[in-house]
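Subject: Structure handover

Hello,

Here is the structure for your files. My notes follow below it.

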Amino acid sequence: MQKEKRIPDDVREILAQYPFRDPEIRFLRRNENEVFAVRDGAERFVLRIQRPAEGFSLRPLYGETSPAVYLDGELDLLEFLRECAEFPVQQPVRNRMGGRITSLPDGCAASMLTWVEGRAIDQLPFDRERCFRAGHAAAIMQSALAGCQIPARYTYDEKLLIRAGEEIARAADGGGLPGDFAFRAVKAIDRLTARLPRDGNRMVHADLTPSNLLDTGKGIVPVDFSLAGYSRPEMDIAAFFFCVGDKRLEKSFLSGYRSGGAEAPDRELLDLFLVFQAVLYLACQHEKYRRSGTLPSLCADWDARIFCPFLAGAAVLPR
């Protein structure tokens, strides 16, 4: 890893609060967090700053709660998994003051995690064998999360859906979303709210996309539990399917999921949570899609693949 030519001042301030000797840093990505790889000698770490990309807002999830509260809950979750998971789990690295969270002058919160070596499976040949192993990893992860009770986590419920619907309506009123498309999305939220199960929730990853599954060479490992919260296990499967959209690969994932000891998912719940994933993406990232110019194609795809079938009472996923 080569040193960054110029480390941003606020990132330099964060690094100075950890007991590093000669840290090198490389920018990785920016979605809900700004993420950097850090190397100090032979050790590697991940630095995350709660500074979303332009046009990306998690306000529909946070509500009026400070994002730092949910970060603290995520770090509790990672420490819980350290004691029971059968896979490598990133762990919080404490700063010089012994804290797990480092605050920036602008109020953003940052955390340092240990590194898990591997490559995201969306950067590798995406075949049925790798999807099978991803499904197996999902089942193992859900088994490790069973019984986890951490207060400061999201709850993917009616209240969150209402906030998502309000954000989509605001975007349509401001011209940021096509009105007819936003109308169908809000109508889908109303129907989803009426049909969503009110019980049986447990801790899930909630963002189990191919970019958050690393192939380590010894197995596939889930990372980035920043959106983890209370829902049904089908939420994790739907997150994967939402990004894949290939029946053969989805079938391989489900075979791997069952091989990991998990029960076969409820197909109707999979439909509901696929719609849930779509409205979350839309509520949190519509401005990002608009700025990138991808919004028209996304609207057409999600209408045809998700919202219109759901509103017509048809299956969203092929049976």
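Strand E8 and strand E12 (residues 229–231) run parallel and are joined by 2 bridges; strands are DSSP runs of E, at least two residues, numbered from the N terminus, as are helices (H or I, at least four), and two strands pair if DSSP finds at least two bridges between them. Across these strands, Tyr154 is opposite Gly229 in E12. The open sheet has 3 strands in the order E8-E12-E9, with mixed pairing. E8 (154–155) and E9 (202–204) are the edges, each with a single partner strand, so one side of each has no neighbour in the sheet.

This is a predicted model: local features need pLDDT of at least 70 and side-chain atom pairs 80 or more, while totals for chains, interfaces and linings use all residues. Residues are numbered from 1 along each chain as its sequence is written, and side-chain values use heavy atoms, leaving out hydrogens and water.

There are 18 aromatic pairs (Phe, Tyr and Trp rings, the six-membered one for Trp, with centres within 6.5 Å; planes under 30 degrees apart are stacked, over 60 edge-to-face, the rest tilted). Phe27 and Phe36 are edge-to-face, because their centres are 5.7 Å apart and their planes at 75 degrees. Tyr289 and Trp302 are also edge-to-face, at 5.9 Å and 85 degrees. That pair links helix H9 (residues 267–292), which holds Tyr289, to helix H10 (residues 295–311), which holds Trp302. Ring pairs also join Tyr62, Tyr70, Tyr154, Tyr156, Phe273 and Phe276 into a cluster.

Regards
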